[in-house]
Every structure is written in C-alpha cells, then in structure tokens.
Amino acid sequence: MPQAKLSQKIKQPVGAYLKSITVAGFRGIGPEARLDLHPAPGVVVVAGRNGSGKSTFSEAVEVALTRRSYRWEAKKGASDWRAGWRNLHVDDPCQIRIELAEEGIGTTTVAADLGTATKEPRDGVFWAQRPGKPRDRSADPLGWAKPLELYRPLLSYDELGGILESRPSELYEKLSTILGLARIAAAQERLDELVKSLTAPRREARALVTKARDALAASADPRAVEASKLLSARSPDIEVLARLATGAFEPPSGDMAILRELAALAVPTVEQSRDAITRCETAQHTLAELSSDATQALVNRTGLLKHAVAHVEAAGTQKCPLCGVGTLDAAWVASARREISELDQRAESLRNARRAYEESIRRLASMLPPSPRALGAEMDEDVEGRAKVAEAWQAANSIDAASPEGPRFLLAAIESLVPLVVELKTAADAERLRREDLWTPLARQVAAVATALEKADEADRQAVTARATQSWLKDHANELRNERLRPIADEAREIWAALRQESNVDLGEIELEGAKTRRRVTVTASVDGKEAGALTVMSQGELHALALALFLPRATMDASPFRFVLIDDPVQAMDPAKVDGLARVLDRIGQTRQVVVLTHDDRLPEAVRRLGIKARILYVNRSEGSRVEVTSGSDPTQRYLEDAFAVAQDRRADDVVRRRAIPVLCRMAVESACKDLFMARWYARGERRAVVEAKWQDAQTAQQRIALALRDDADGDLDRWLAERPARRRALAVVGRASHEGLQRDPRGAIRDVEDLVRDVRAGAR
Amino acid sequence: MMSDAVRLLEAADRVLSGSVELPRGRRARIAAVLARSALEDIVVETCAAHGIDVAEATMRVRLATLVAVSDPRAGELAMAWWNLSRACHQHAYEMAPHPDEVAYWVATVRDLAGDFALIRGPA
C-alpha cells in the first residue's frame, strides 16, 4: 500500500524520443541527409563504415541539443576538427534539425542553423519549437540543459574512454550529481557552517566578559564590584547582571545610597526657626505676666474661701471663726462665691499659659530632627563637608531649648547649620551624578555582556543538536551515498555480467569514497577470484565495457526526460564475445527505451541477427560529393536476392553480366541464410566461437553449407530433401555450378528458385 | 573468354558510375561481384596458358598454382581476389565496401587483364 502511494507520488517526467535527424552541410554530410528513427522503445542499429557520415548524425544531435561537442572540448588539439566542421563539398545550407516525439506534446524540433558566417558551431543560431508554439531562440528553450548534463543520453566512443581515464574526482562528480548526492555534501557544508556559527556567540561572550571585568576592576562603584563578582562565576547569573545594568537592582549598602540620602537632607529654614522661637518667647512672656501674682497664695485663698462657704452652708450664719468680728451670712457667701469664681478663672489662665509655653518649647526642640544616619555612615569615598555638618548637627541637637537661653542658642546653631547642609546637599548630588556618569558606560557594558551571555547560552543549546547531526551525517554520508548508488551499481554489475562474457575479470563493489579533494569512485574487481583494482587489470575493451556498464544505467534513469540513448561506436575495442553481450544488454534496455547505436562495422548487426534480437538495422552510405544515404537493412540474404533481381532487370546490362553476376549473388544469398541458421543454433548450444567459425569455413560448397544449416553436418545427406521439390535442385544448380560457369537459364526464374530454396532451408532448419 | 572478362569489368564500371539503376548503397558490392568474376576468368585462362587445367579446383588452389609456377603477377592477382571477395561478402566484422575501394580493384583487374593480353599476344 505505501509502495503504491510512493509510485503515484514519483511522477515520471515527460519523455522524449528521437524521431528524425536531418543534417546538411555539416561534417561528413553534404547535401541534406535524413535519418528516420521510430520514436518508440526498441533498438536501432545504424551501421556505416568509417567516414560514411554516421557519426555526423550523432555529432549533429549533440551539437543541436547541447550546443557543444565533447570532441572539441576533450581534445586540446582539436583545432583541425574545428576548422573541418563544415562539409567540404556542400557548405550551404549548413543546418541540423532534430525531431523529437515528446509524450503528451507532439513533435518538437530542435535546430541549429550554422550559416556561412558562423565561425564555430557554438556561434550558430539555435532554436527549438514545440507544436503550435513559435520558435524559441532562448538559451534553454526546453529546459533540457541540466538533464542533458545529468543523464547524458549521448555516449560516444571518445567519451566512454574518457570517463575512466579522467581524474577519480571527476567520475565521482559525474555519478554524484546524477544521484543527487550533492545535496548530502551541501547538507554537510551547511552543518559545518552552522556549528561554526554557533560557537561564535560563546567566543564573543567570553571576549566581552574579559573586557568588562577589566573595566569593572578599575571602578570603585559597588555595582561594578557586584558585577565583577557575578562575572567571576562559572556561569554568571545573567538576570541579576541585567537588573544591575538597568538599575533595577542595587547593592543594599554603599556610597550611592548614602549620597542619595545626603542629597535629600531636610533642615528647618532660618525663618521657620525664628518663628518658632518668637512663639516660644511670647508664651514665656504671657506665663511670666500671669505668674507675677503670688500664685500659691491665690490657690490657698481660694481653698480657704471654699471651706468657709461649705462651712456656712452647713452650719448657717455665724461669726467669723478667724477674726471673730465679721459675720458669715448669706451675703458673705454670695460675695465669697464671686471671689472664688474669679480666683478659679485666674488659676485657669495661668495653667493655660504654662501649657502653651511648654508646647512651644517642645515644638522648638523638635524642629531639628536627630542627626541622620547618612551623616555618620561609613563611606568608601567621603563627600566634602559631611563631617562638619555632622558636628554642627550634633551641636544643635545637644542644646536644651527649655533652658532660659535655649531658644536663642538653638536659633544660632540652626542659623549656622542651614547653609552647611545646603552646601552638603549640593555636593552630595554632584558626587552622585559624577559616579553615575562613571557607571553608565560600565552599565552598558554589563548589559551587553548579559545579552551576549544569553545568546551564547542559546547558541550552546542549539550547537548540541547541530553537532549531533553533524557527526551523524559525517558517519553516515558514505553509507547514504552508496545506498543511492546501489541501484546503479547493481545494474552496472548486471550489464558487466552480460558484457564480460569470456573476460576473467569479475566486477565487485562499486562505491563512492572519501570526501572533498579525496573523493573517488572505487571499483573493485577480482581476476580469477583474486581481488584487484578494476581499473588496473582491465583491458581497453573491458574499460569501455565498464564505462558503458556504469553510464547506461545513468542515461536510462527513470527521472530522465529522455527516453532515448544514443551510443556512438561502443564496440570499437570490444572482442566478439563482448559484442554479443552488448547486443543482449541493448535488447534489454530496448524494452523500455529507444536505443540508437551507431557502429562502424557489422559485428553488432551480425550479433543482433544471430542472437535473434528484434532490432532495426539501418545502413549509412556515403558516396561522392558527401552524398549520404540511409537505407533500411533488411536481412542480408534478402538484400543479395534484391541485388540479383536488380541486375536481372537492368535492360542495359548485357547477357554476360547477367549470367555471371546473378548466380554469384544468389549463392551469397543462400550462404548468408545458411550461416545465420547454423551459427544461431550452435551458439545457442553454447559452442565456442572459434569452433563455430572453423566449422563454417571448412564447408566449401553451397551444398555443404546447406547441409550444415539443415543437418549440422557438412556431409549430411540432402538427396531426399532435394528430391522433395524440383525447385530445390534447380536452385542448387544456380548457386553451385552456375556460380562458376555462368547461368544458362532465364535469370528471374533462377532467382525465384533460389528464393524458394532459402525459404525451404529456413523452414527445414527450424 | 577474355571478352567475358572485359565485358564484366565494363559492367562493373557502369555500376560504379551509377549509370545502372541500382540503390546507391548496393553498387559497390555488385561491382565487386562482377570484377571478381572477371578476375576468376583471368586466373583460369592464365593457368591454361601455363598448360594447367584447374577446372575442378577451388580458387584458392588456382591462385596457389599460379604462385607455384612463378607467374610474375600471381601475387597481385591473389591480393585482388581476396580483396574483391571481401567486398562481395557480407562478412562478419565488415561493412559494405566503399565505392572508391572497389573502383581501385576494378582498375587493378583491368590492368592485370591487359598484362595477360600482352603475355598471350606474341604466342
């Protein structure tokens, strides 16, 4: 179920197949020549001798699609080639048209116009056109530049050779881009950078702490001392530091607090003092006035009168007991009472005056508060005038305001204290501001340190994760890479297994190793079971096969938008057995991809025919004036017979030519048919090539070769088989005796008999 | 017989020059077939001139015979035959011959035919 979902997600890109290649005036092709290809999966072999113009077709595809050529760039001394890219016979027009069938889009044309003014192909006019759209001359109209580089569906002999001869890191690069391995390297790089950047805050914070501690050490400010103490801790309390810097926190004791208190000192003004003293004196005066009468006598007289009144009221009118003269009666009582009331009033006033006096003295004494703590507290650095104020304050405090001269003394003390206090207040405030000015930059520094420490802590927390990721990736990068490489490596080994045939080199692991400048691809191999580095033990042909094995999987990856591979001359350095293997590999790839193989000899077409592989074979021929023609290759037997018919039909050919040429062509037709049948069967049995070839060469006559095809034995008896149909014997005469002595009968009839014979041999051999 | 060889060589020239209607890709091979037939005629007649009957022998034997009797041009005849044979045959490993190549061998055979006429001439 998850599998199904996954495959739905991975959408295959729209695929492009080659439909035709049309070239004029370029390289080996003069007048316009066209190579038509069937735009669908399958194998097409394009065969042509060296110089036939076949490679021109592949170069044309490369130039039109990539706008460059591996050959120009790979070879330093390619100036000859550069000069010779234009055809010598016909150079106008010089153009390339590639038709591609794009799935879901239609036929797209990719073209290069290399007018006579063009110096090098890359300077030509390149364009692409999708159906119903205008020609697009932009740099990458189809978005294929990257995929072409990634998947490289164009492989030439030169390039295959170059792949394994280039520096190890280059091969690594080629494989790693395709596998998307660059992403792993990029991730590693990013992590390295991240880890590096995450260590920076801590380093910065340390530097700031050192600098701040130096600055703080030079300051006597208690806050600086406190900050210094905090910073010496292994992990400083950042919150306290921050509060210290912003002033939200101050050390409980210290000069700053004292200075602030001093600046806020309060003393009564001289006027207030004077008022208080005046009030005091008034009260004293009033009291003195009232108490000038004999105060006690007044009290005693009132008491006596009250007793007497009480006595008269109790005992009634009588003679005065004291003087014995007067009479104490009701009138006396009334007058006594009047006097008592008067006396009481006077006593009351006196009491009030005393109270008022006492109150004014108390007020006067309390006008100056006791000497404040700030005046006596210890300071790291004293402020000027503090001691004098303290002394004056103490002196004022010690005066007894209630003493007769008290208020006057007090006034004098306050009068001398007030200006001193005012002076001290100003001095203290100035000192506080001075110290504040010194602290501000330090506070800023402490604040910066606090911020830096906070950042460093955060970075440290992140670095833990980053480092863990970094080391994990470091440990597993190659594992990841090789996991991605595995499908390609497996397929490469499979292809190698098909290609190696009789090679004693066994391909082992293909792995990506190392990193940065030491990155490389290691290919291990074993020769007859012994381990060895693959690249050192392989022959040129084997190296080519290996390069092909590595790069066919790349070119045919699902993610590639190209559904074709164009391989130019892969068999050049291969021995025949490898060619058979290659044919099988191409056959397999041809199930899902369009495989176009260009080859300069007939080994691959021959192998394709012999192995019964379904492939189209096209022949490229170049004749005078760089006229290049592409002909469809039917099987050679059929071609010989067609040639024989062509000769028979030529009205101008004379009889001798007919008699002599036709039987030879017929004989070659029969031999070719017999050879294919014989060899296919013997190879299928696993016979060795040398044995099969020798057996074929030993058979000399046409009959012996037919016997090999039908009976596996050159001397096999064919009499009964020949007798079954008269045409068989007639045809045997044409390809036997007549091929030496000349044809004595009607040419067309003879060719038809031979056609029948071929058909019968093919039917009989199955 | 000699006239056959000459006519075959003329036919080969015509094929190569394109005056016979044949697909261009086939011309070289058919010309090679014609030229080789002409050469085989020359070999048989040269053998006969040396008094050797080679009617039943294979071409390989005939060419070996000529070398054996020290015919001055036996070597060239043999080389021309092998090359033309290669051009005729759809050999494994070999593509259709190039017309220029076949034209060269046709000229060689004509040259050899001329020599043969000189040898026979006075006799």
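Trainee: What are the overall scores?

Mentor: This is a predicted model, and its scores are ipTM 0.76 and pTM 0.55.

Trainee: What is the mean pLDDT of chain B?

Mentor: Chain B has a mean pLDDT of 78, with 81% of its residues at 70 or more. Residues 118–123 of chain B have pLDDT below 50, and beyond near neighbours in sequence this stretch makes two contacts in the model. Where pLDDT is low, the predicted coordinates should not be read in detail.

Trainee: OK, sheets. What is the strand order in the five-strand one in chain A?

Mentor: The order is β2-β1-β4-β5-β6; the sheet is open and its pairing is antiparallel.

Trainee: Which strands are at the edges?

Mentor: β2 (33–36) and β6 of chain A. Each has a single partner strand, so one side of each has no neighbour in the sheet.

Trainee: How much are neighbouring strands turned against each other there?

Mentor: By 15 degrees on average, ignoring direction.

Trainee: Go through the pairs, starting from the β2 side. How many bridges join β1 to β2 in chain A?

Mentor: Four bridges, with β1 (residues 16–24) of chain A running antiparallel to β2(A). A:S20 has A:D36 in β2(A) as its bridge partner.

Trainee: And β4 with β5 in chain A, how many bridges?

Mentor: Eight, again antiparallel, between β4 (residues 95–102) and β5 (residues 106–113) of chain A. A:R97 sits opposite A:A111 of β5(A).

Trainee: How many residues lie between β4(A) and β5(A)?

Mentor: Three, and the two strands form a hairpin. In the turn, A:G104 has a positive phi of about 75 degrees.

Trainee: What about β5(A) and β6(A), how many bridges there?

Mentor: Five bridges, antiparallel, with β6 covering residues 125–129 of chain A. One bridge there pairs A:A112 with A:F126 in β6(A).

Trainee: Next sheet. What is the order in the one with three strands?

Mentor: β10-β11-β12 of chain A, an open sheet with antiparallel pairing. The edge strands are β10 (505–513) and β12 (530–533) of chain A, each pairing on one side only. Neighbouring strands in this sheet are turned by 25 degrees against each other on average, direction ignored.

Trainee: How many bridges join β10(A) to β11(A)?

Mentor: Seven, with the two strands antiparallel. A:L512 has A:V521 in β11(A) as its bridge partner.

Trainee: And β11(A) with β12(A), how many?

Mentor: Four bridges, antiparallel, with β11 spanning residues 520–527 of chain A. A:A525 is opposite A:A532 in β12(A), and A:S526 is opposite A:E531 in β12(A).

Trainee: Where do neighbouring side chains point along a strand, in general?

Mentor: In a regular strand they alternate between the two faces of the sheet.

Trainee: Switching to helices. At what angle do α10 and α17 of chain A cross?

Mentor: Roughly 155 degrees, with the axes of α10 (residues 238–246) and α17 of chain A coming within 8 Å. That makes α10(A) roughly antiparallel to α17(A), because angles over 145 count that way. The crossing is left-handed.

Trainee: Which residues make that contact?

Mentor: From α10(A), A:I238, A:L241, A:A242, A:L244, A:A245 and A:T246; from α17(A), A:A443, A:V446, A:A447, A:V449, A:A450, A:L453 and A:E454. In the contact of α10(A) with α17(A), eleven residues are nonpolar, one is polar and one is charged.

Trainee: And α17 with α19 of chain A, what angle?

Mentor: About 135 degrees, between α17 (residues 406–500) and α19 (residues 540–555) of chain A, with axes 8 Å apart. That makes α17(A) oblique to α19(A). The crossing of these two helices, α17(A) and α19(A), is right-handed.

Trainee: Which residues meet in α17(A) and α19(A)?

Mentor: The α17(A) side includes A:I488, A:A492 and A:W496, and the α19(A) side includes A:L546, A:L550 and A:R554. The residues of the contact of α17(A) with α19(A) are eleven nonpolar, no polar and two charged.

Note on methods:
Residues are numbered from 1 along each chain as its sequence is written. Chains are lettered from A and ligands numbered from 1 in the order in which they are written. This is a predicted model: local features need pLDDT of at least 70, side-chain atom pairs count only at pLDDT 80 or more; totals for chains, interfaces and linings use all residues. Axes are lines fitted to C-alpha atoms, for helices over the stretch in contact, and angles run from 0 to 180 degrees between N-to-C directions. Angles under 35 degrees count as roughly parallel, over 145 as roughly antiparallel, 65 to 115 as roughly perpendicular and the rest as oblique. A crossing is left-handed if the near helix is turned anticlockwise from the far one by less than a right angle, and right-handed if clockwise. Two residues are in contact if their C-beta atoms, placed from the backbone, lie within 7 Å. Ala, Val, Leu, Ile, Met, Phe, Trp, Tyr, Cys and Pro count as nonpolar, Asp, Glu, Lys and Arg as charged, and the others, Gly among them, as polar. pLDDT is the predictor's confidence in each residue, from 0 to 100. Two strands pair if DSSP finds at least two bridges between them.
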